[in-house]
Amino acid sequence: MIKIAEHPNELGFASNGLVEITVNGKKICVARVVEGLEIKLFACAAACPHAGARMANGTIDPLGNVICPLHRYKFSMVNGRNVSGEGYHLKTWKVEWREDGVWIDLGGMV
Ligand code: FES
């Protein structure tokens, strides 16, 4: 796990709930999804698997899926599934907001 912030507010989310950050030289899109009083954090590849659009410029739908800004393909932030059905897969990583900060699990990637 790699610490990316003390608190989610430090990440600088735009009004669309998305922000692109760099972790160990790798660009990653982080999403903040507000469900009632709960804030959930997700992370996915910075570039869309379809044609490379910048996911941080996309939007999050009411179900918490991220929508690519270019051709509007839609992906689950939980597992990267292409829920709009075009057959692509968006790489995702687990983000944990704990008492000691915000952490991302990049697995063996870095
Ligand atoms: S580049 Fe994302 S849907 Fe085409």
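Start with Lys-40, which you'll find in strand E4. Keep in mind as you click around that this is a predicted model. Is Lys-40 buried or exposed, or something in between? It counts as partly exposed, because it has 15 C-beta neighbours inside 10 Å, and a residue needs 20 or more to be called buried.

Now show what surrounds Lys-40. Setting aside anything within four places in sequence, Lys-40 is in contact with Val-33 and Glu-35.

Next stop, the core. Select Cys-29, Ala-31, Ala-43, Cys-44 and Met-55: these have the most contacts inside the largest nonpolar core, a set of 22 residues. To see which elements give two or more residues to this core, colour strand E3 (26-35), strand E4 (38-45) and strand E9 (101-105).

Stay on Cys-29 for a moment. Which residues does Cys-29 touch, not counting those up to four places away in sequence? Pick out Leu-18, Glu-20, Ala-43, Cys-44, Ala-45, Ala-46, Met-55 and Ala-56.

Last, move to the open sheet of three strands, ordered E5-E6-E7 with antiparallel pairing. Its edge strands, E5 (59-60) and E7 (74-76), each pair on one side only. Zoom in on E6 (residues 65-67) and E7, where the antiparallel pairing runs over three bridges.

Note on methods: Residues are numbered from 1 along each chain as its sequence is written. This is a predicted model: local features need pLDDT of at least 70, side-chain atom pairs count only at pLDDT 80 or more; totals for chains, interfaces and linings use all residues. A nonpolar core is a set of buried Ala, Val, Leu, Ile, Met, Phe, Trp, Tyr and Cys residues joined through C-beta atoms within 7 Å. A residue is buried if 20 or more other C-beta atoms lie within 10 Å of its own, exposed if 12 or fewer, and partly exposed in between; C-beta atoms are placed from the backbone. Helices (H or I, at least four residues) and strands (E, at least two) are DSSP runs, numbered from the N terminus. Two residues are in contact if their C-beta atoms, placed from the backbone, lie within 7 Å. Two strands pair if DSSP finds at least two bridges between them.
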